Amino acid sequence: PLVPMRLLLDHAAENNYGLAAFNVNNMEQIQAIMAAAEETDSPVIIQASRGARSYSQDAYLRHLMLAAAELHPKIPIVMHQDHGNSPDTCQSAIDQGFTSVMMDGSLKEDGCSPGDYAYNVAVTKKVVDSAHAQGVSVEGELGCLGSLETGGGEQEDGHGATEALSHDQLLTDPDEAERFVADTGVDALAVAIGTSHGAYKFTKKPTGDVLDMGRIEEIHKRLPNCHLVMHGSSSVPQELQDIINQYGGEMKQTYGVPVEEIQKGIKHGVRKINVDTDNRMAMTGAVRKLLFTSPEKFDVRDWMKPAREAMKQTCIARMTAFGQAGNA
Ligand code: G3H
Ligand code: 13P
Ligand code: NA
Ligand code: ZN
């Protein structure tokens, strides 16, 4: 069944695991996640960005989610709006049957404005009040994650698009996090600890100076009852970069967030981990490989099937590593 996100996050907190939240745009991606969930007995969080909703059209997406719930009656499914940019966006998602919404009040006029605390509280609180009255969970965000608007441009060190600000100013301040949760009543809080969206997060394997796990620990101490969310958490596996490049792709060498780092976060209150890029790369690699090695093929199913299977394998790997497997 479709369930509010709070239900899954509370269970994850009680049992010390994390839940991957995978982005979707079409039927095959939803099928990949549900097949992975069946195989690993996992509860799932499926999320759609504003771009995904406009690409897939709300009605198609709504019926695909209903199909997932019908075909997998034993698996709890959250349908989450990723990076809602206004109360209107969040309400339109709720009207479409989403069971959770993110009000990303760190985005203002489509740019990161870490200083505008009052704006962030006002829009987030507004969404919490109306979403909770409708049985829907809410995720907020405090701090700046790199590269959402620039579409994943080259990152030197995870600072993101807002170069004028220092590294520290972009990351979530623990005092402010404590105040923000008290002021808004969000169920989950996305924190900035040095990750960024897209494939180009780091030019070398990240260590403690760019990925601030200590900050998560500190925030969790202040907020034992609020679930923490890590965005930009794709691991950008070398083998997926290699498959893409082996079959005609041109991706520059890059590094993502190591799974071991995410596991450290889960020990300190991270309950939702957003992953999109890894699945994009898995599907793209599979399509490139099939069309490259079988250039005579043109049945859409010939390349959709390996793409769906590749995404399923990525989902299984994350569900297992984050500990949600066995918890459906
Ligand atoms: O938030 C970022 C997700 O990867 C979704 O990306 O906005 O291109 O659909 P998108
Ligand atoms: P990645 O680009 O690292 O997969 O992050 C996705 C995300 O945070 C979606 O909100
Ligand atoms: Na989100
Ligand atoms: Zn995100």
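Which of the 13 residues around ligand 2 come nearest? They are His-231, Ser-234, Asn-274, Asp-276 and Thr-277. A residue is taken as near a molecule or strand if its C-beta atom, placed from the backbone, lies within 6 Å of it. The model is predicted, so that local features require pLDDT of at least 70 and side-chain atom pairs count only at pLDDT 80 or more, while totals for chains, interfaces and linings use all residues. Residues are numbered from 1 along each chain as its sequence is written, and chains are lettered from A and ligands numbered from 1 in the order in which they are written.

Strand 3 and strand 10 (270-275) are the elements that give two or more residues to the shell around ligand 2. Helices (H or I, at least four residues) and strands (E, at least two) are DSSP runs, numbered from the N terminus. By residue class, the shell of ligand 2 comprises 1 nonpolar, 10 polar and 2 charged residues. In this division Ala, Val, Leu, Ile, Met, Phe, Trp, Tyr, Cys and Pro count as nonpolar, Asp, Glu, Lys and Arg as charged, and the others, Gly among them, as polar.

Ligand 1 is surrounded by 9 residues, of which Asn-23, Ser-49, Gly-51, Ala-52 and Asp-276 are the closest. Asp-276 is also listed among the nearest residues of ligand 2. Helix 3 (50-56) and strand 3 (77-84) each contribute at least two residues to the shell of ligand 1, which consists of 2 nonpolar, 5 polar and 2 charged residues.

A further site comes from a database record. In an unreviewed entry, UniProt lists Asp-104 and Glu-141 under "binding site"; such positions are given in the numbering used here, feature names are shortened, and annotations may be inferred rather than shown by experiment. The two residues are spread over 38 residues of sequence, yet they cluster in space, with a largest C-alpha distance of 5.4 Å. Asp-104 is placed in the loop between strand 4 (100-103) and strand 5 (107-108), whereas Glu-141 belongs to strand 7 (residues 137-142).

Why do Asp-104 and Glu-141 count as buried? Asp-104 does so because it has 27 C-beta neighbours inside 10 Å, and Glu-141 because it has 26. The cut-offs are 20 or more other C-beta atoms within 10 Å of the residue's own for buried and 12 or fewer for exposed, with partly exposed in between; C-beta atoms are placed from the backbone. Leaving aside residues up to four places away in sequence, Asp-104 touches His-83, Gly-84, Asn-85 and Glu-141. Contact here requires C-beta atoms, placed from the backbone, within 7 Å.

Two helices also pack together. Helix 6 (residues 117-133) and helix 8 (residues 174-184) meet at an angle of about 40°, their axes 9 Å apart. Axes are lines fitted to C-alpha atoms, for helices over the stretch in contact, and angles run from 0 to 180 degrees between N-to-C directions. Helix 6 supplies Tyr-117, Val-121, Thr-124, Lys-125 and Val-128 to the contact, and helix 8 supplies Glu-176, Phe-180, Asp-183 and Thr-184. These residues divide into 4 nonpolar, 2 polar and 3 charged.

Finally, the backbone of Asn-16, a residue other than glycine, has a positive phi near 55°. Asn-16 is in the loop between helix 1 (5-14) and strand 1 (19-23) and is exposed because 11 other C-beta atoms lie within 10 Å.

Methods. Two residues are in contact if their C-beta atoms, placed from the backbone, lie within 7 Å.
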